[in-house]
Amino acid sequence: MDLPRRVEVVIIGGGIVGCSIAYHLAKLGVTDVLLLERKELTCGTTWHAAGLIGQLRATRRLTELARYTARLLPELEAETGIATGFKRTGSLALALDDDRFHELRRGASMAGSFGLEVEVLGPEDAKRLHPLVETSDVVGAVFLPGDGQADPVGVTRAFAKGARMRGVRILEHCPVERILVENGRAVGVRTARGEVRAGTVVLAAGMWSHALARAVGASVPLHAAEHFYIVTEPIPDLPRELPVLRVMDECAYYKEDVGKILLGCFEPVAKPWGMDGIPEDFAFATLPEDVEHFRPILELALRRMPILQRVGVRTFFNGPESFTPDDRYLLGETAEVRDLFVACGFNSIGIQSSGGAGMALALWIRDRRPPFDLLEVDVQRLPPQMANRNFLRDRTVETLGLLYAMHWPDRPYATARGLRRSPLHDRLVELGAVMGESAGFERPAWFARNEQERSWRPSWRRPCWFEACAREVAALRDAVALFDLSCLGKILVTGPDALVFLERVATASFDVPCGRVVHSCLLDETGGTVGEITVARSSETEFLIFSSPTCAGRDLAHLRRLLDPELRCAVVDVTAGYALLALAGPAAEALLEMLTGECLDREHLPSMCGREVEIGYARAMLWRLSCLGAPGFELLVAADQAVALFDRLRTEGERFGLAPAGTFAYESCRIEAGHPAFGRDFGPEDDPFAAGLGATVALDKPDFVGREGLLRRRGAPAHAHRRLVALRVEVSDVFLHREEPIRSGDRIVGAVTSGAFGHRLGAPVGLGWVALDEPVTASVLEKSGFTVEVAGERFPIALRLGSFLRS
């Protein structure tokens, strides 16, 4: 085949995901597509994948994408005539202790909410389903009948044939040397056989993706790691319909493999690979055996499945797979280069994700916006600092094993820490801060009084930091709590047309006096929410935007892409230049009045207003605002004066009862106050009115991005039937985290999006969505019968529009 000079879409990479994207683009009618493979289809990682098709993931959206793959495979085989090897054997997960069984039961509750068939089993029933497994020490199990396995090579070939049948061109032995970029846009690729121009470039090159993106200034944070499995000699009379078996407490998975057993692992200390680059001729290749590395897994497996003691090992396999810093794959358009889309870093779930990811990205490419909420896999969620190769190498040591480690709530990463630090980091550590991480930022999780409180001890129930968090919330309730919010993104919009720009791109009105703060949302053309921002007007021509750390990169890219080059305006990331502190509590006003020598009562400094102040030698911007259900202020100070200001606050604050507070206290208070967080409580499928943020929308503005779509959403008959609500559990020993089903009677009507213990209310609290057959009103929510399901148990809850702090 000759190399075309121009196509509509060029895809780099002929693995299962690249072929799936080509197939789904063609199904959408986008057929002027060229897929380029450096060697042969599947030759990178796909060919040696285990082929497990699991459906239950950590969230609803990832589960739906995996379910799509499982539903698609039989249709794909029928359509193309190529065997995919898909069979529904089910999957069985064993728990060897109470904590793991609790995790599995939580997952089973989530599965029911997601519409998956699931069974919670005892050891005897687990043994019945998988007679080869030793269950004498098994506490319980969960069985998902719809899971199975497939042949990765067969599935890839089927995707490729389905794409070719619709006109897609696939060219093997044509390595891409460089992505072509002009004026910040990807415009094609340079190959060993010449250049190809394209309107869209898709990077689905697996472990090669990082280097190709890095060469053109795009951030694609992934790193390869060695992945091990063995395949036994044939076992006579081995049942062919054994379920896929996962024993995560032993880091192992097992599957029947054409009369043999395949045993693989996700060990706790992995082996990163490819730090010095990947060899040019690497194809259908394996890595050196490391029997000693695999030995602990094998020794446990010999006891777990005794039949393995009587058979030999035919294949000891070691091959590379790609992992990301947070164990979620990378999808979508890069922040740095427009028209460059990625689909890579699948963390060993590429086969089960291939159909859903290919479908989602094809729609994204066609429409130039995500087809539904894909925030958790959006490549822009990870800051560019995480593309550092040393960071990726060190984090990969941990992330492979986290796939099967206990998925404790709020579990901190142990590796590659200290990537980003607040100017106040050392001061916070001196005060006892136990650091967590947010978008690579070290951020206080809680403040410990002694070494015992400093150590993180995992639990599904009352967390180890419960008492520390209670102290910090008490300080907020009775005196004043101090939070370091320096990790928030800070985006400067500056220039004579800054006001014109913001009026066009965001929902609120920004034609306000200097010093005012405005809460706003960013919408897409359909009226869905793609960002939540707080904007402070600092002058006639300058506005400072604050964004959550996990959304800041996406918000920055969104604003830059909406910026009309004709406008006299610039959008600049100034996050590292400032520290941001929040003070909340009844004594906050008096403390700041003493420090500034100014009157700061509500008459002189109303809510959402600010002024420049002097505290000690520092000059800072002070605003009255809080989302914590308590009187509050925020202080913005240049990074080089942050320590001096902090020291003065600490010294003078002692007489006012000032106490430092961390993320867990902040989240507890935020949820109690009923303040939703974008990316967790609401997202692109939700509009501000449904999320309780109608006050952020100025419908009297003549036009802004998403206005017409928002009006259509509001006018839909069922719009009022689905709302974000606050919930309070009527018992005190239940802990909510995310995705717990909300029921009305026996019917699932929603799910929790955020959960915490509300120390001011003395009860577990949360936020979540409910969808009813009637408009969601206060009177409807007052009806009895609502419950939340946690690990298979139901607990009564009260629901409310707004906050339970307001009587």
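**Ser668.** I looked up Ser668 first. Ser668 has 1% relative accessibility, so it counts as buried (under 20% relative accessible area; exposed is over 50%, partly exposed in between, with a 1.4 Å probe and protein chains only). Ser668 sits in helix H17, residues 663–672. Helices here are DSSP runs of H or I with at least four residues, and strands are E runs of at least two, numbered from the N terminus. Beyond its neighbours within four places in sequence, Ser668 contacts Cys469, Val473, Ala756, Phe757, Gly758 and His759. Contact means heavy atoms within 4.5 Å.

**Source notes.** This is a predicted model: local features need pLDDT of at least 70, side-chain atom pairs count only at pLDDT 80 or more, and totals for chains, interfaces and linings use all residues. Residues are numbered from 1 along each chain as its sequence is written, and side-chain values use heavy atoms, without hydrogens and water.

**H2 and H8.** Next I checked helix H2 (60–80) against helix H8 (350–367). Their axes are 7 Å apart, at an angle of about 100°. Angles run from 0 to 180 degrees between N-to-C directions, with axes fitted to C-alpha atoms, for helices over the stretch in contact. H2 and H8 are therefore roughly perpendicular (65 to 115 degrees). On the H2 side, the contact includes Leu65 and Tyr68; on the H8 side, it includes Ile351 and Met359.

**The sheet.** Then I traced an open sheet of 5 strands, in the order S24-S25-S26-S23-S27, with antiparallel pairing. Two strands pair if DSSP finds at least two bridges between them. S24 (517–523) and S27 (570–573) are the edge strands. S23 (489–494) and S27 are joined by 4 bridges. Thr494 has Ala570 of S27 as its bridge partner.

Definitions and conventions:
Angles under 35 degrees count as roughly parallel, over 145 as roughly antiparallel, 65 to 115 as roughly perpendicular and the rest as oblique.
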